[in-house]
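Here are some exercises to work through with the model open beside you. Try each task before you read its solution.

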Amino acid sequence: MNLEKPYIISVYAILRNEKGEFLLLRRSENSRTNPGKWDLPGGKVNPEESLKEAVIREVWEETGISIVPGEIAGEVNFELPEKKVIAVVFNGGYVIADIKLSYEHMEYAWFSLEHILKMDMLPVYFRIFFGRFSLENKKPYEPPI
């Protein structure tokens, strides 16, 4: 019998506002994973979906925002109690829209990269992701034209 945890594939999006801040969602207190912690919009890929289709759907379901995913911004791997997760993080672009949270989250906020790197209420795998992201993107912020 194989006791190895199954792998699933998830997708997330980094979304920025006109100030260059990143959108994070705070998971509801009754969430099975990371209750009360901040998270990127995203989730599991359904079997019939491409990665881009999944991130479009997940962002829409969780925020009411329609995105056109750009390049892959990075990846994270982590374990949950019952499974291992391979997560692809897409650049979701700049957002000027009203956010309509799903039942999965209790609040949202826009945070600077500097603030995110110090957050205790962000799962460690996303802090690692943003640390790598920060090192790979050491150029001054330029707002969209």
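**Exercise 1: the neighbours of a strand**

Leu25 sits opposite Tyr108, a residue of β7. Keep in mind that this is a predicted model.

Task: find which residue of β3 is the bridge partner of Leu25, and work out how β2 pairs with β7 and with β3.

Solution, step by step:
- Start at Leu25 and look towards β3: the bridge partner there is Asp39.
- Next, follow the pairing with β7: β2 and β7 run antiparallel and are joined by 6 bridges.
- Then turn to β3 (residues 38–39): its pairing with β2 is also antiparallel, over 2 bridges.

**Exercise 2: buried or exposed?**

Task: decide how far β2 is enclosed by the rest of the structure, and why.

Solution: count the residues under 20% relative accessible area, the cut-off for buried. In β2, 5 of the 6 residues are buried, so the strand is largely enclosed by the rest of the structure.

**Exercise 3: the largest nonpolar core**

Task: identify which residues of the largest nonpolar core touch the most other members, and where its largest share comes from.

Solution, step by step:
- Among the 24 residues of this core, the ones touching the most other members are Ile14, Leu24 and Phe130.
- Now see who contributes: elements supplying at least two residues each include β1 (7–16), β2 (22–27) and α3 (124–136).
- Of these, α3 gives the largest share, with 5 residues.
- Finally, zoom in on Ile14: beyond four places away in sequence, the residues it touches include Phe22, Leu40, Val89, Phe129 and Phe133.

Conventions. Residues are numbered from 1 along each chain as its sequence is written. This is a predicted model: local features need pLDDT of at least 70, side-chain atom pairs count only at pLDDT 80 or more; totals for chains, interfaces and linings use all residues. Side-chain values use heavy atoms; hydrogens and water are left out. A nonpolar core is a set of buried Ala, Val, Leu, Ile, Met, Phe, Trp, Tyr and Cys residues joined through side-chain atoms within 4.5 Å. Buried means under 20% relative accessible area, exposed over 50%, partly exposed in between (1.4 Å probe, protein chains only). Helices (H or I, at least four residues) and strands (E, at least two) are DSSP runs, numbered from the N terminus. Contact means heavy atoms within 4.5 Å. Two strands pair if DSSP finds at least two bridges between them.
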